[in-house]
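Here is a friendly briefing to read alongside the model.

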Amino acid sequence: MADLVLMASVFVVSFVVGYLLISRVPPRLHTPLMSMTNAVSAVTILGAILLFAVETTACQKVLGALAIALAAFNVVGGFAITDRMLRMFHRHHE
Amino acid sequence: MNDPWHLLIDLAIILILLLGIWRFTTPQTARSGNFTAAFALLCALGVVFYGNSIHAPATVLLALLAGSALGSLVAVRVNMIQIPAMVAFQHGAGGIAAFLTSFVELARDSGNLAPVGQLSGVLGIVIGAATFSGSMVASAKLAGVTRQTPLILPWHNWILGATLVGICALGLLAGFASGPAVLYGALGLILLASVLGVVFAIRIGGADMPVLISFLNATAGLAASFCGIIIENRLLIACGATVAASGSILTHIMCQAMNRNLFRVLVAADLRPATAAVQVHESSAPPQVRAAAPEAGPPAGSTPIERAVQAVRSAQTVIVIPGYGMALAHAQFEVAKLADRVKQLGKELRFAIHPIAGRMPGHMHVLLAEAEVDSDLLFDLREINADFPRTDLVLIVGACDVVNPAAIHVQGTPISGMPILAAHEARQVLVFNMDEKPGYSGVANPLYADPKTILVLGDAKATLGQLLQVLA
């Protein structure tokens, strides 16, 4: 029960703080923002890796590896594209 | 999970992530913000590897490397028009990762899971799978693989409703079942949720895509959060919740920019005319627009390009309004050159960007940044809309609905009440569009018939090229 309360409050607090911070982001940064948060949402990679710390069947390992690969694609691709976009914005101020 | 050190480390990682988002206020600081967020995830990865003994480390590393290599390859190659399709595809990848992880956890451990964990695993599967299939449809539409127009099936809402009811029923069964029933229930849920995502996404198209892609952003975050609850990992919950917040905000902003509520965009899309053009009568145009004659009337009989050249030469203040048509014509580089030329001629030039210009929130800004337009020249609707009456010339490139005065003056159209850029208030208007057809909304644009408007029809890349040649 304590766990549930803790998890629920982590969700609520993160949502509210995230909401407040992201409300300040100007429209010109909305595409990089979405691309960056998209990379963050692939944090499921942690869960997929943790599947390899417990006993699983071969089939489950295959699914886990697939999840890791896709999440890694999402994390690396997301942060890299975001950086490329922000560099384009940057060019005129160097 | 509950020892104080672990809690502190998780908290520190979440704070680093939030610090990264906090830096997203100017393009200059956002870059370090992006690095900070990436660093937070890297720390999280390090903690997971350090704190757990991983069986089959070679498999894990191989999967990590394969995904990362593919991700960086795509990131280098993609151009800014493809960004929305790419981001939608990545939402889908995140969705798969979330539902696969939830699924394996549920199948592996259903005997020992707390009821809350089991239920959130079911939710993670449903939201993840629906995000995956919906994102694939969105990505295919945005990449031009399938038609961009909404596809409405017969009995669309009934199919959607039936799928939802099926998911709820099966979800409750699987959520409270035990043994192999959970596994089969979960497999059925993946199938049903994938159908739901497709049915949901196929009828959204064109200018509604920014709403869909933002919405999928939020659901991808939610899927990660629920996946976090089943594996009892605070980082997943926190990161997922932050992403869900971000997606919700963007969804809300996009809906506001179109003056439509989320429900009407996502579920009741067949209420609007997708193909039949809504005719706007001549008399419905505002009288003050009719009365305002162009100050320097171009000689009759000249070609549209000649009139356009004269309009640009005689103007002192110019506002450019780009729309997605500009990107479709690959004309953003011509627009950038024209902007440079006009500024060289000593005129004041700015860009007015409507929030829904493009195919995802903020898309127009990155398209113009790719063409090396100075981002200081770009202004948002709220910042610039009051300046149109004082503006000599408005240059519209590939935009229609966002400058359609019918949104203000005509009731009962799909765009009525939508905030528009007040191009019709400028002294003269120059339109570089493919044709005079209405935009995505299907509402005819009375601005085209205005005597102060010069229509230069055809491929904007070619017509702007001609204009540039004369001005050079």
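In this predicted model, helix α4 (residues 83-109) of chain B and helix α5 (residues 115-142) of chain B bring their axes within 7 Å and cross at roughly 155°. Because that angle is over 145 degrees, α4(B) counts as roughly antiparallel to α5(B). Keep α4(B) in view, for a helix of chain A meets it too.

**The α4(B) and α5(B) pair**
- Sorted by class, their contact holds 16 nonpolar and 11 polar residues, with no charged ones.

**α2(A) against α4(B)**
- From chain A, helix α2 (residues 30-41) approaches α4(B), with axes that come within 10 Å and cross at roughly 25°.
- That angle is under 35 degrees, so α2(A) lies roughly parallel to α4(B).
- Here too the crossing, that of α2(A) and α4(B), is left-handed.
- On the α2(A) side, the residues in contact are A:T31, A:M34, A:S35 and A:N38.
- On the α4(B) side, they are B:I83, B:V87, B:Q90 and B:H91.
- This contact of α2(A) with α4(B) counts 3 nonpolar and 5 polar residues, and no charged residues.

**α2(A) against α9(B)**
- The handedness of the crossing between α2(A) and α9(B) is left-handed.
- Helix α2(A) contributes A:H30, A:L33, A:M34, A:T37, A:V40 and A:S41 to this contact.
- Helix α9(B) answers with B:C239, B:V243, B:S246, B:L250 and B:I253.
- By class, the contact of α2(A) with α9(B) has 7 nonpolar and 4 polar residues, and again no charged residues.
- Look for A:M34 on screen: A:M34 is listed in the contact with α4(B) and also in the contact with α9(B).

**The interface as a whole**
- How many residues does each chain bring to the contact? Chain B gives 106 residues and chain A gives 77 residues.
- Between them, chain B and chain A bury about 8400 Å², and 75% of that is on carbon and sulfur atoms.
- Of the area that chain B buries against chain A, 8% comes from B:F24, B:R31 and B:Q90, more than from any other three residues.
- B:Q90 is also one of the α4(B) residues in contact with α2(A).

**Domains of chain B**
- Chain B divides into domain 1 (15-64), domain 2 (75-270) and domain 3 (282-471).
- Taken over C-alpha atoms, the centres of domain 1 and domain 2 of chain B are 23 Å apart.

Technical notes:
Residues numbered from 1 in each chain as written. Chains lettered and ligands numbered in written order. Predicted model: local features only at pLDDT ≥ 70, side-chain atom pairs only at ≥ 80, totals over all residues. Heavy atoms only, no water. Domains from an automatic or database assignment. Axes fitted to C-alpha atoms, helices over the stretch in contact; angles between N-to-C directions. Helix = DSSP H or I, 4+ residues; strand = E, 2+ residues; numbered from the N terminus. Parallel < 35°, antiparallel > 145°, perpendicular 65-115°, else oblique. Left-handed = near helix turned anticlockwise from the far one by under 90°. Contact = heavy atoms within 4.5 Å. Nonpolar A, V, L, I, M, F, W, Y, C, P; charged D, E, K, R; others polar. Buried area = accessible area lost by both parts, 1.4 Å probe.
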